[in-house]
Amino acid sequence: MTTALSSLPKEILTTNTSENVSSSLDKLSPNQQLLPLTAVVNAHDHLEIGGCDVVELVQQYGSPLYILDEVSLRTACQQYRDAFTRHYQGASQVLYASKAWSCLAVCAIVGAEGLGIDVVSAGEILTALRSGVLPSLIYFHGNNKSLDELNYALESGCTIVVDNWHELKNLEDIAKSQSTSLSFKAPRIMLRLTPGIECHTHEYIQTGHIDSKFGFDPNEIEAVFAFVAQSNLHCIGIHAHIGSQIFELQPHQDIGGVMVQWFKLATETYGLPFSELNIGGGLGIRYVESDDPPSIEEWVKTVSIGVTDAFVAAGLALPKLLCEPGRSLVGATCVTAYTIGGSKTVPDIRTYITVDGGMSDNPRPITYQSKYRAVVANHMSAALNQSVTIAGKHCESGDILIKDIQLPETQSGDILVVFSTGAYNYSMASNYNRLPKPAAVIVEGGESSLIIKRETREDLLRQDCLPERFRQ
Ligand code: LLP
């Protein structure tokens, strides 16, 4: 039988030693790996990440458990940052799209690596600020920011990426009402445009008609520029984001050419003080063997060439180039460890193996039919002799984490580790069926530290109120 293990990166799963891992780390692009960069199989035949035995981590912290590899996260940040220095002649700034995983530790690490943060709510602003990131490096997105959120962002000194007319007018009202004050500082804004580049997994098309809830329609761009030019707002540039989990480079190469025409119009016809161009995020990661995303380096090189060529051809100075990766920074840096419960065999159909989490800690399979890979962390080199389906514990038939995966013989109490769970897992986790959210730990050099506490049963009742008349 061909086993799935043979198609996993063997050098990581079977032959890596701590030494050869550390010597090759900086060459690997984390978004192209199934496992965190420091993953090895140790002498106990257990999966080890960041020098920590995953089975022991579960004994210490319980399960389900998110395990974040600090080296992988820092490496991804450094690769983005350094690639821009190598490939782009102008200034650049990488922003972490914190919707992928907004928590203090992740924001603090990316901030310490010199990245800024893209936020989409007051909660994400608070998290970014409390993690120590400078407000001048926080960019606030969203297609329906409340007045309260806008005021909070402005008072905190963040830049607002304006999505639509409603928001633009709200911001101008706020600015106008404050403009006579001596301490008035015009709100720093960018404009989000829908660039007309559509992405699919294996193809892309450019369309004249754009159907997206985000951003200004390019057809109204002149009216927007005219409004901003006579407003109390300080507009520093434009933004576009074309999609997520994208493997093709061409759409990202094209984005410079689409944006430059608007940049030129804004500066030359409307006299707007544009200096920044934000091209969003979207680089994909490898969830299963067949996924083949470009490396961080290739992506940065491609967008840098696209923007440079477009601006040089238009006779414009290079803008400060911003991008907003989320998934490709944090996705492959984390795994989720579960404890296996029981199993159920439906003769001639399939065997279900249940774990102690599911769609509440990873809603991506049920939401997007996303595929994942997994191993049994306490039997890493056992033969993969059964095909099973990993079921979550929720009261929902669709709560299946992985369909038809090859695993070794398992028993109750074994530790199943699902890869690539750093992006849009914790951040989209819920308390469905009143399951407490799992803990998260960060591992590095054999040390583990809690970064998110496990919720307790009592935590689940924290926001509940029982009016007097219902009490018994
Ligand atoms: N910038 C903007 C404006 C965005 O809307 C997004 C993602 C990003 C940057 C980051 O994109 P990334 O580099 O992570 O692809 N929940 C979905 C993904 C939703 C992405 C939303 N926007 C999932 O689990 O696949």
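Axes are lines fitted to C-alpha atoms, for helices over the stretch in contact, and the angles between their N-to-C directions run from 0 to 180 degrees. The exercises below concern a predicted model.

**Exercise 1.** Determine how the axes of helices H7 and H8 are oriented to each other, and which residues form the contact.

*Solution.* 
1. Helix H7 covers residues 147-156 and helix H8 covers residues 165-178; their axes come within 11 Å and cross at roughly 55 degrees.
2. Angles under 35 degrees count as roughly parallel, and those from 65 to 115 as roughly perpendicular.
3. On the H7 side, Leu147, Leu150, Asn151 and Leu154 take part, meeting Glu167, Asn170, Leu171 and Ile174 of H8.
4. By class, the residues of this contact comprise five nonpolar, two polar and one charged.

**Exercise 2.** Describe the strand pairing of E16 and state which of its side chains are buried.

*Solution.* 
1. Strand E15 (residues 334-346) runs antiparallel to E16, and five bridges join the two.
2. Within this pairing, Tyr352 of E16 lies opposite Lys344.
3. Three residues separate the strands in the hairpin of E15 and E16, where Asp348 adopts a positive phi near 65 degrees.
4. Strand E18 (residues 386-391) is parallel to E16 and is joined to it by three bridges.
5. Ile390 in E18 is the bridge partner of Ile353.

How values were computed: Residues numbered from 1 in each chain as written. Predicted model: local features only at pLDDT ≥ 70, side-chain atom pairs only at ≥ 80, totals over all residues. Heavy atoms only, no water. Buried < 20%, exposed > 50% of the residue type's maximum accessible area, 1.4 Å probe, protein only. Helix = DSSP H or I, 4+ residues; strand = E, 2+ residues; numbered from the N terminus. Pairing = 2+ DSSP bridges. Parallel < 35°, antiparallel > 145°, perpendicular 65-115°, else oblique. Contact = heavy atoms within 4.5 Å. Nonpolar A, V, L, I, M, F, W, Y, C, P; charged D, E, K, R; others polar.
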